[in-house]
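Subject: Structure for your review

Dear colleague,

My notes on it come after.

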Amino acid sequence: MTDWGREFAEEARTERPDLTRLCLLLGAACDPLATQRDLDEADVELDRLAGLLPYGARAPQAWAAVLAEVLGEREGFHGLSTDYQRLESSLLHHVLRRRRGLPILLSVIWLEVARRAKAPVYGIALPGHFVVGLGDPLAPLQDQVLADPFAGGREMTGRDAELLVAGATGETLDPSMLLPADPLDIVRRILNNIRAWAAPRPERSDVALIALDLQLLLPSHPARLRYERAELLVQRGDFLGGAAELELYADVVAAIEPTAADRIRSRAKAARAMLN
């Protein structure tokens, strides 16, 4: 059986991680039916889509219009509110087949297709809604070209972005929110989405554990993920495994928060007691 996690970890630790490969590997890890052929076909499809774009340099606004026409109108990539209820909406190989997915996965398709065509494209991780930018990411907001792949590539104004942020956080748009998203940050956000999908579905705790383990394979991650993994193991009935990880996490925090460490050790003891 292919070790998707090992390949994911190796790619994540390269000097320039490949976003397509990372997304395909995490999708395969979360899909027990995925094969190498599925990943290869997805990569070929991205190449095919890039080949549909007309050749030649163009202004950012023209790029946005071309991408919306080809990917949004002709190829039918878009999203619906019901897509948030499907795990497949976070798995790149499924999104390429269905032409439907979450904003961040549809944006990944835009990014990777446009990148192959040499377009000046970058991802923008707005709170609550991922979009793409074209042109100079350091340009003033009024001069930036933003597009929403979830809406089929609808061009956004600066006011649209401000309203998105206000609706998601109640805060005003900070210029730092418009900076290009790093591939590893995009992958973290996808994995967080998968975990959020699995959280209210105890029967899919297997997917939550896979997503959590992939996050732990990234070059940097919050130490608290170890605690969350331990709790998930206990939830899944692995009381000994969960207790052991809780104790390891307690050792990590003991020097900084001894009281918290004592509470975590008590939680580990309670987990072991569940075996009786």
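The findings are set out below, element by element.

The model is a predicted one, and the remarks should be read accordingly.

Helix H3 comprises the 16 residues 36-51. At 1.5 Å a residue it should span 22 Å, and its end C-alpha atoms lie 23 Å apart, which agrees. Its buried residues are Asp38, Leu39, Ala42, Glu45, Leu46, Leu49 and Ala50. Viewed down the axis of H3, these fall within an arc of 135 degrees, so they line one face of the helix. An α-helix has 3.6 residues a turn, so residues three or four places apart point the same way. On the face of H3 turned away from the buried side are the exposed residues Arg37, Val44 and Gly51. The packing partners of the buried residues of H3 are helices H1 (4-12), H2 (19-30), H4 (60-74), H5 (92-98) and H6 (103-116).

The strands

Strand S2 (residues 129-134) has six of its six residues buried, so it is largely enclosed by the rest of the structure. Both of its faces are covered, with His129, Val131 and Gly133 on one side and Phe130, Val132 and Leu134 on the other. S2 pairs in the antiparallel sense with strand S1 (residues 121-126) over six bridges, and Tyr122 stands opposite Gly133. Two residues separate S1 and S2 in a hairpin, where Gly128 in the turn has a positive phi of about 85 degrees. S2 also pairs in the antiparallel sense with strand S3 (residues 145-148), over three bridges; there, Ala147 is the bridge partner of Val132.

The nonpolar cores

The largest nonpolar core has 68 residues, and Phe8, Ile109, Ile190 and Ile194 have the most contacts inside it. Leaving aside neighbours within four places in sequence, Phe8 is in contact with residues including Leu22, Leu26, Val187, Leu191 and Leu214. A second, separate core of 13 residues includes Tyr227, Phe239, Ile264 and Ala268.

Helix H10

Tyr227 is also among the buried residues of helix H10, together with Leu225, Arg229, Ala230, Leu232, Leu233 and Val234. The buried residues of H10 pack against helices H8 (183-198), H9 (205-217), H11 (239-253) and H12 (258-273). Just after H10, Gly237 takes a positive phi of about 95 degrees.

Yours sincerely

Methods:
Residues numbered from 1 in each chain as written. Predicted model: local features only at pLDDT ≥ 70, side-chain atom pairs only at ≥ 80, totals over all residues. Heavy atoms only, no water. Buried < 20%, exposed > 50% of the residue type's maximum accessible area, 1.4 Å probe, protein only. Helix = DSSP H or I, 4+ residues; strand = E, 2+ residues; numbered from the N terminus. Contact = heavy atoms within 4.5 Å. Core = buried A, V, L, I, M, F, W, Y, C linked by side-chain atoms within 4.5 Å. Pairing = 2+ DSSP bridges. Expected span 1.5 Å × (residues − 1). Arc of directions from axis to C-beta.
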